[in-house]
Amino acid sequence: MSAHVPFDLVVRGTSQVVTCDGPRPSGPQGTLPHVPRGAVGVVGGQVAFLGPESQLPQERLAPSTKVLDAGGGFVGPGFVDAHTHLVFAGARDDEFALRCRGASYLEIAQAGGGIASTVKATREASLDDLVALAGPRLSRLLSQGVTCAEVKSGYGLDLDTEVKMLEAVRRLGQRQPIELVPTLLCAHAIPPEHKANRAAYLEVCREEILPAVASRGLAVFCDAFVEEGAFTAEEARSLLTAAAKAGLTPRLHADQLSSGGGAELAAELSASSADHLEQVSAAGIAALARAGVVALLVPVSTFYLRLPKYAPGRALWDAGVEIALASNVNPGSAMSENLALTLSLACLACGLSPEEAYWAATRGGARALRRDDLGRLFVGGPADLVVFGCSTPRHLPYHLGISHADVVVKAGAVAYQAPGATALRCI
Ligand code: NIG
């Protein structure tokens, strides 16, 4: 790219540009890689200049250049929400009410609710219905500053519906600004028609669903829910090994409700991430650290399910494990697109510092998706960035559950502007 091409877009007037391009924060006062009073220049969807505003090359500002004034807010990379189940039909507010009266996630599932109820509604929905229902969820994520999201199947549990869900993800990826990364999660639950013969369902997963999805390029990752009432470690190992052979990278729902060796299995399979981890053991933490598996935490669902224990974010970070934070938006365990709340709970309940939490929701999320180009800002990288209405990342988790994303830029284009942005300014 020529150094003389005029900028398409310039962001200036910042308190700082947090790049997340450098070492992760270390220690309680650890800072994020940043440029004080930085500016960003964009050409063709990529970052073409990143440095102090005083060094912004004025000759590259043309009449056609769109200029965004951050008004003293900070700019950072878009959030990478690396664990969502946002394609689904039906609501589960009735089970939410039961949970408020003390019913557990497992009890609700055993009584025929839970994932099974979303499977029924999702099977009945058309592809168009699924696309229409997921659109507003993606708009809400965008308004929080999300520029890339992973989306799982797992509410079909048969060939046609798993494919339908992943086709919906593909269509949604073409119709709105957030980049979507699809994951096959046929091992989310045993479907009702196979309850008496789980081995038969695993064979359907391995011999029918996986090859169909892989051959059509409908998924990048293959996930499995290792849990009492879902899949055993042995079952997940056999499916994820076949998935890896078919070119899909393994990842796992691990150690959420009970400690079932999920983290150790993720390490053994060189999974990209082990997700949830409320019940991870010390041996599991050590295994993740050794294998370089990302620990992906979803504290909103811990809160939403009223679980007694949050994932040990502090211990994981101190053991050198890369942490990602995600919304886990889904109809059962986290009906929320609120990344701001995710950041707050990661600090208050998992023990991360605000800077660590910000890193985990950007660079950590990108690492969970094995995307080295995302979650950071650097010259030559994608111009996926957010102008926040506050001057430091520290303010985000402090201001509980409130989004401060004023402007969201995806690939150099303004994708979202908060209507009441000035009302939210906390500079
Ligand atoms: O990541 N834990 C399993 N899967 C989802 C919940 C799915 C649901 O209840 O519909 C999760 O929390």
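A pocket here is an open set of grid points with protein on both sides within 12 Å along at least five of seven lines, and its lining residues have an atom within 4 Å of a point. I am working from a predicted model.

**Entry 1: the largest pocket**

I looked up the lining first. I find 21 residues around the largest pocket. Ala109, Gln110, Ala189, Lys195 and Gly229 lie nearest its centre. The space in this pocket comes to about 350 Å³.

Which helices each supply at least two residues of the lining? I noted helix H2 (105-110) and helix H3 (115-124). H2 gives the largest share of the lining, with four residues.

Next I sorted the lining by residue type. I have 13 nonpolar residues, six polar and two charged.

**Entry 2: helix H4 against helix H5**

I then turned to a helix pair. Helix H4 covers residues 127-143, and helix H5 covers residues 159-175. Their axes are 9 Å apart, and the two helices pack at an angle of about 50°. H4 is therefore oblique to H5. I logged the crossing of H4 past H5 as right-handed.

Which residues make the contact? From H4 I listed Leu127, Asp128, Leu130, Val131, Ala134, Gly135 and Leu138. From H5 I listed Lys164, Met165, Glu167, Ala168, Arg171, Leu172 and Arg175.

How do the residues of this contact divide? I have eight nonpolar, one polar and five charged between H4 and H5.

Note on methods: Residues are numbered from 1 along each chain as its sequence is written. This is a predicted model: local features need pLDDT of at least 70, side-chain atom pairs count only at pLDDT 80 or more; totals for chains, interfaces and linings use all residues. Side-chain values use heavy atoms; hydrogens and water are left out. On a 1 Å grid over the protein atoms alone, a cavity is a set of points where a 1.4 Å probe fits but cannot get out, and a pocket is an open set with protein on both sides within 12 Å along at least five of seven lines; lining residues have an atom within 4 Å of a point. Grid points are joined across faces, edges and corners, and a volume is the space filled by probe spheres set on the points. Ala, Val, Leu, Ile, Met, Phe, Trp, Tyr, Cys and Pro count as nonpolar, Asp, Glu, Lys and Arg as charged, and the others, Gly among them, as polar. Axes are lines fitted to C-alpha atoms, for helices over the stretch in contact, and angles run from 0 to 180 degrees between N-to-C directions. Angles under 35 degrees count as roughly parallel, over 145 as roughly antiparallel, 65 to 115 as roughly perpendicular and the rest as oblique. A crossing is left-handed if the near helix is turned anticlockwise from the far one by less than a right angle, and right-handed if clockwise. Contact means heavy atoms within 4.5 Å.
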